Amino acid sequence: MTAYILNRVLIGLATLLLASIVVFGVMEVLPGDPAQLMLGMSGSPEALANLRAQMGLDEPIVWRYLHWIGGLLTGDFGRSYTYSSPVADLIRERLAVSLPLALMSLLLSTFIALPVGIFAAARRGRLPDTLSMGTAQLGVAVPNFWFALLLIYAFAVWLKWLPAGGFPGWNGGIWNGIKSLILPSIALALPQAAILARVTRSALLDVLGEDYIRTARAKGLPRGRVLRRHALRNAMIPVLTILGLQFAFLLAGTIIIENVFYLPGLGRLIFQAITQRDLIVVEGVVMLLVASVIVVNIMVDLAYAVVDPRLREAA
Amino acid sequence: MTKWTSVLAATMLVLASGTCAFAARTDLVLGMVLEPPHLDPTAGAAAAIDEVVYTNVFEGLTKIGPTGEVLPGLAESWEISQDGKTYTFKLHTGVKFHDGTEFNADDVKFSLERAIAPDTVNAQKALFAKIDTIEVVDPATVKITLKQPQGGFLYNLGWGDAVIVGSESVATNKEKPVGTGPFRFQNWARGSSITLVKNPDYWGEPVSLDKAEFRIIPDAAAAIPALLSGDVQAFPSAPVAEALDQIKADARLKVVIGSTEGETILSMNNKKAPFDNKLVRQAISYALNREEINAGAINGLGTPIGSHFAPHNPAYVDLIGTYPHDLEKAKALLAEAGLANGFSATIKLPPPPYARQGGEVIAAELAQIGINLEIIPLEWAQWLEQVFTGKDFDLTVISHVEPNDIDIYSRPDYYIGYQNPAFNKVIQELDATADEAKRKDLYGQAQKILADDAPVGFLFQLPKVGVWDAKLEGLWENTPIPANDLTKVKWTE
């Protein structure tokens, strides 16, 4: 087990290093000079040269890469060109929105998807199955920004129960913070829940067709017990895989929803940083995301071992 | 005794709640599309900086008013010497920066010297280029000597780039701006909002608002529900041109269409064939249907222009009729230029909808006289690099949003590549003239030369679509300079 974990961690570190080179290289070859962009159409050539020097853009690329990597190792993500504040602070501020949002949507989607998936599988081919899977199909197909707008018009403009967007910050009270994340997390969770429900259903059906399920039923175990003890546990592996992928997506792949609700999350930070050529911010956020994907994957691998004892022994 | 105290307390409570119920609101949430990169207007070109801090947090010696006029700011009065080279400013006294330090002539000298220093990062260095020396006469008097007379000097000092900063706070102004204005900075939740609060120690007329929050809403789809739900009570430049009917239907909201300093033009590369030929440029100008472009680009809200000048400016001359829409004339001019069969070129379009949509209309219009345009959409960074800096373009659509910027056509290495000695002479003269009537006449001459030369296709003045609560008053209708001046804003009930 230890060797298994160690192996995973080493692969993770190598991936991080490789990612750092790719990320840095890609941002370098992107056209567009960050200093020019900051000054826009009004900057004089002297102001431009001064700014470039101030931003350290006139130094050679290898030197800048080493400088950046060295900083990362000591926890220094550098300073944003546009915000001129430490990148680490920016990321921390954004995570205070994105992390709760991702967790809320993930919880919501799991709580919706698992019962629906199990319910549909247990009543395979009958009306409840058709209905719930039809709804899920709709959930996958409906664009989430459109769904988000519907939610806004219903709950903010019409009923006025919840804010139409924005994030007051956690200092303004936990409840106010959560209130502003409710609609976005629903908008994010539903399509995810739809996918997860379908995966749960099909994984469960696969397992339910296995011989040992028939054996369990044949020796007289009740249906519910077979479903919980024998089938569900084995069906969890693909479900966990999807959950892991969804968490990584929810952390930064939510630009559209963040825009619709004008939430200051990681997705918008990285989008804005790319359009403004705030290279150092893009690089920092991407590294963080790579790291979080790696960590989530390791955690999913560990969770496999928990639900499937065979994996534990093999390792 | 205790009884009396409690009765008194209860009475006061009732009174207090009574006044609360009748007093007008004193807080305001404003929407803005772009977040400022930082909050120091003397170290960045982004208009969003000025839209938050100009005259609210920071003040200059002079101030630009809602119609573009020059008003006194931190300087209560000034005298100009006979030769137009020496300006003596009398400063307000008893003015304090938000950090408690005193404002005096030394701060003026410090701020302006910082702006003209060789290593300055002031984005508008040209505003101060004529300054020779800045002299502190006494704590309330500053004497600025120019190298040559400059007609627009007082106007220039009213820009956000020329505000007065304190030497003690200048280093941290980007994150925590400290000025002399009626509002002080309270908090910036990056990516989300910037909050200003009333400065109780303000030297001038106190403001009505206690708190103003600028909320950053980049997406048009989000701006509309934010206004409709009342979360945001004012959106001075709202990205809602396409959804105006929906907003107008709501009686609580007021829609105010104003003008900006944004002359939207079809830029042509005057250094590159065939656009170096005046006949070709004239042909293109005749082929443009301004009404159609205005409708397609900005829902018809723009004001057509015939030269590079804002229609709300007192010195504006109406030259829209110089090149009326006339396809026959356009074709004849092309033939005269030896291009009877037309030609192919590219049009590079930056991201704003007015450019992308307007560019498509223009391409369709020019196709009618045989000019086939390949549309190339570009990101801002690429547009700045390729078109603006690299001058690698044939045509582009862009709004020039700097105030009073007709002089850009005289700049030697500007991306448009236009050169006309007669025009340059007018601009030089303008620069050296302080007399208002004479300046007006010179501005007129400059506009006429440009209109006739057709260095670019003049399209329309970019509108400012303001939406705010009908009970709110005092917001600017137009945008003579980038600003959201909140000093006169108040709730009427």
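So, strand β1 of chain B, residues 27–32: it runs parallel to β10(B), and 6 bridges join the two. If you want one pair to look for, find L30(B), whose bridge partner in β10(B) is F214(B). Keep in mind that what you see is a predicted model.

Now, β10(B) has another neighbour. Strand β9 of chain B, residues 193–198, is joined to β10(B) by 5 bridges, and that pairing is antiparallel. Here you can look for T195(B), which stands opposite E213(B) in β10(B).

Let's move to the nonpolar cores. The largest one has 136 residues, and among those with the most contacts inside it are F261(A), L28(B), F89(B) and L486(B). Which helix gives the most to this core? That's α13 of chain A, residues 279–307, with 11 residues. The core also takes at least three residues from each of domain 1 (34–76) and domain 2 (87–314) of chain A.

Zoom in on F89(B) for a moment: leaving out residues up to four places away in sequence, its contacts include L61(B), W78(B), I144(B) and F153(B). There's a second, separate core too, with 66 residues, including L266(B), I347(B), I398(B) and I416(B).

Last bit, from the records. An unreviewed UniProt entry places "domain: Solute-binding protein family" at residues 69–400 of chain B. Over that stretch the chain is 25% helix and 27% strand, with the end C-alpha atoms 20 Å apart.

Key
Residues numbered from 1 in each chain as written. Chains lettered and ligands numbered in written order. Predicted model: local features only at pLDDT ≥ 70, side-chain atom pairs only at ≥ 80, totals over all residues. Heavy atoms only, no water. UniProt positions renumbered as here; feature names shortened; annotations may be inferred. Helix = DSSP H or I, 4+ residues; strand = E, 2+ residues; numbered from the N terminus. Core = buried A, V, L, I, M, F, W, Y, C linked by side-chain atoms within 4.5 Å. Buried < 20%, exposed > 50% of the residue type's maximum accessible area, 1.4 Å probe, protein only. Domains from an automatic or database assignment. Contact = heavy atoms within 4.5 Å. Pairing = 2+ DSSP bridges.
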